[in-house]
Amino acid sequence: MPDHASVLFHPGFRVGAVDRRLFGTLVEHMGRAVYTGIFEPDHPTSDEHGFRGDVAALASELGITTARYPGGNFVSSYVWEDGVGPDRPRVLDLGWRTVETNTVGTDEFLQWAERHGIEPMMAVNLGTRGVEAAAALVEYCNGAAGTRWADLRVANGRVEPYGVRLWCLGNELDGPWQVGHKDADEYGRLAAEAGKAMKRVDPSIELIACGSSSMEMPTFGDWEQTVLEHAWDVVDHVSMHAYYQEHDGDRASFLASGTAMDRFIRRVAASADAVAARKGSDRRLTISFDEWNVWYLSRFPGADNLPVQDGAPRIIEDVYSALDAVVVGDLLVTLLNHADRVPLACLAQLVNVIAPIMTEPGGPAWRQPTFHPFAATARLARGTVLDARVTCGTMPTERHGAVPLVTAAVVADDEATAIFLVNRSTDAVEVDLLHPGSALALTGGIRVTADTVAAEPGPAHAAATAERHVAQLELDGVLHDDRSTVLLPPESWTAFTGTAERRAR
Ligand SMILES: O=[N+]([O-])c1ccc(O[C@@H]2O[C@@H](CO)[C@H](O)[C@H]2O)cc1
């Protein structure tokens, strides 16, 4: 007998609209994300600008809507002027100890994003630089011709302003690994002043203040409150970053990563609300979850231990399993269920560096297992997230205590209903979908089941994993009044698609 769970939902009970910017990503100047990732002039599929066509096609299939750039840790010592115009110096990037050629810079990235309909999210350097360089970059990107930095853009061949709307006030400045690491007061003051200047250049931009680099940071909570006390009037969102991995074979805790992410979001929201209360503000500050993924961080020696490398070195090219893909699907369920609070998110990263898309220089590009739940969620989660109430058993975990065995998110618009379900248990679970007042027909879907073998690098293993562990579902499409029942295999993520009809009573 399988375990049993139920998921109750109704179109009248809603969490909030899905902001398409939830399906963003990160394109950092590190490793092979840019060079031999999105950009490789000699590649047979590359366009006249030197950008790989095969990678762009996969990015489009993945369904990404925004791309954060140029970092990550890279941005904290980046001199953006080095990356524009005809003279591009070779510099030592202190974030990853890599020689940066500056072949790709702001114009090349923004035009790549524009050609592919991707909204850019630019980050400014608040590690080694400050107010002046940040405001100058906003003017370079968004200013009308007639003043210094906008005129430099025009001289570099781009007359029309780019109109970049999303701006990150630095990156992970709470982290001791960050070049220009600061305490919360130092960063909060700088973010407030840089943000003020940037909005004087272009008042229409949205600013994201750095929150914590993870929930485990010793400064977590205090950091958000102190930074927001300083920068409340100027910022539009606060960021969160989180990476999850399986530690020492503790599969149950890893499968419960979505619960850890859920707690993290609730705590950041509570910190922001505490500042709002102190300031007598009714604003519910929103969150930009602008780095999240599975990353086997414990295998990374740290930037201090990397040799100085030239070109496009292989750094943190994690190889993912179908188990990782189930966890990515569950993390997306968590993000959807916070649609009212989290309008922005970035899967870190897009290509080669802890990425759903991999490439070989001069060779193929392929999908890692984590590609599949992301692409399906970006494609299917349209409309409004309904307040899905899950009733199920719990399982004990070492790291997160007792966690629900089943998680669910339901997203509906006028045409379609998408139901995302995760079974974290090692047993099958039968789930009653309770949709009182509606008839529901399930027509199809996609499922990922976890594997128990270690992932291997390369396109052949990724393809074989997809063959064995990713399945397209074809369902009968029969309308069921009030209740539909589905069976979830052990350790699986499923997206069901269907149509709902309201029934007159
Ligand atoms: O918890 N840590 O030790 C830790 C260390 C580095 C770290 O870096 C972040 O992740 C990198 C890869 O996406 C981005 O460049 C940076 O923003 C994020 C977290």
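Is L433 buried or exposed?

What we have on screen is a predicted model, where local features need pLDDT of at least 70 and side-chain atom pairs count only at pLDDT 80 or more, while totals for chains, interfaces and linings use all residues. Residues are numbered from 1 along each chain as its sequence is written, and side-chain values use heavy atoms, with hydrogens and water left out.

Back to the opening question. L433 is buried, because its relative accessible area is 0%. The word "buried" means under 20% relative accessible area, "exposed" means over 50%, and "partly exposed" is in between, with a 1.4 Å probe and protein chains only. You will find L433 in strand β21, residues 429–449. Helices here are DSSP runs of H or I with at least four residues, strands are runs of E with at least two, and both are numbered from the N terminus. Now look for R483: in sequence it is 50 residues from L433, yet the two C-alpha atoms are 5.5 Å apart in space.

Let's move to the aromatic rings. How many aromatic pairs does the structure hold? There are 16. Rings of Phe, Tyr and Trp (its six-membered ring) pair if their centres lie within 6.5 Å; planes under 30 degrees apart are stacked, over 60 edge-to-face, and the rest tilted. One of these pairs is W80 with W149, an edge-to-face arrangement with 5.5 Å from centre to centre and 65 degrees between the planes. W80 sits in the loop between β4 (66–69) and β5, and W149 in helix α4 (residues 148–155), so this pair ties together parts that are 69 residues apart in sequence. W80 is buried at 3% relative accessible area, and W149 also counts as buried, at 18%.

Here is another pair, W96 and F300. Their ring centres are 5.8 Å apart and their planes are at 55 degrees, so this pair is tilted. It links distant parts of the chain: W96 is in the loop between β5 and β6, F300 is in the loop between β11 (286–294) and α9 (322–337), and they are 204 residues apart. W96 is buried, with 4% relative accessible area, and F300 is buried, with 18%.

Rings can gather in groups too: Y35, F39, F51, Y69, F109 and W112 form one aromatic cluster. And some rings have a charge over them, meaning NZ of Lys or CZ of Arg is within 6 Å of the ring centre and within 35 degrees of the ring normal. R283 lies over the face of W232, at 4.5 Å from the ring centre, and R367 lies over the face of F371, at 5.6 Å.

Next, salt bridges. A salt bridge is a side-chain nitrogen of Lys or Arg within 4 Å of a carboxyl oxygen of Asp or Glu. By this rule the count is 31. In one of them, the side chains of E40 and R52 meet at 2.8 Å, N to O. Both residues lie in the loop between β3 (24–26) and α1 (53–62), twelve residues apart. E40 counts as buried at 10% relative accessibility, and R52 counts as buried at 1%.

What about D47? D47 forms a salt bridge with R115, with the closest N and O atoms 3.6 Å apart. D47 is in the loop between β3 and α1 and R115 is in helix α2 (residues 106–115), so the pair ties together parts 68 residues apart in sequence. This time, D47 is partly exposed at 25%, and R115 counts as partly exposed at 35%.

A further example joins R314 and E360, at 3.1 Å from N to O. R314 is partly exposed, with a relative accessible area of 49%, and E360 counts as partly exposed at 29%. There is a network as well: D19, R21, E119, R165 and E206 are linked by salt bridges.

Finally, a word from the records. An unreviewed UniProt entry carries the annotation "domain: Alpha-L-arabinofuranosidase C-terminal", covering residues 290–492. UniProt positions are given in the numbering used here, feature names are shortened, and annotations may be inferred rather than shown by experiment. The end C-alpha atoms of residues 290–492 lie 25 Å apart, and the span is 18% helix and 39% strand.
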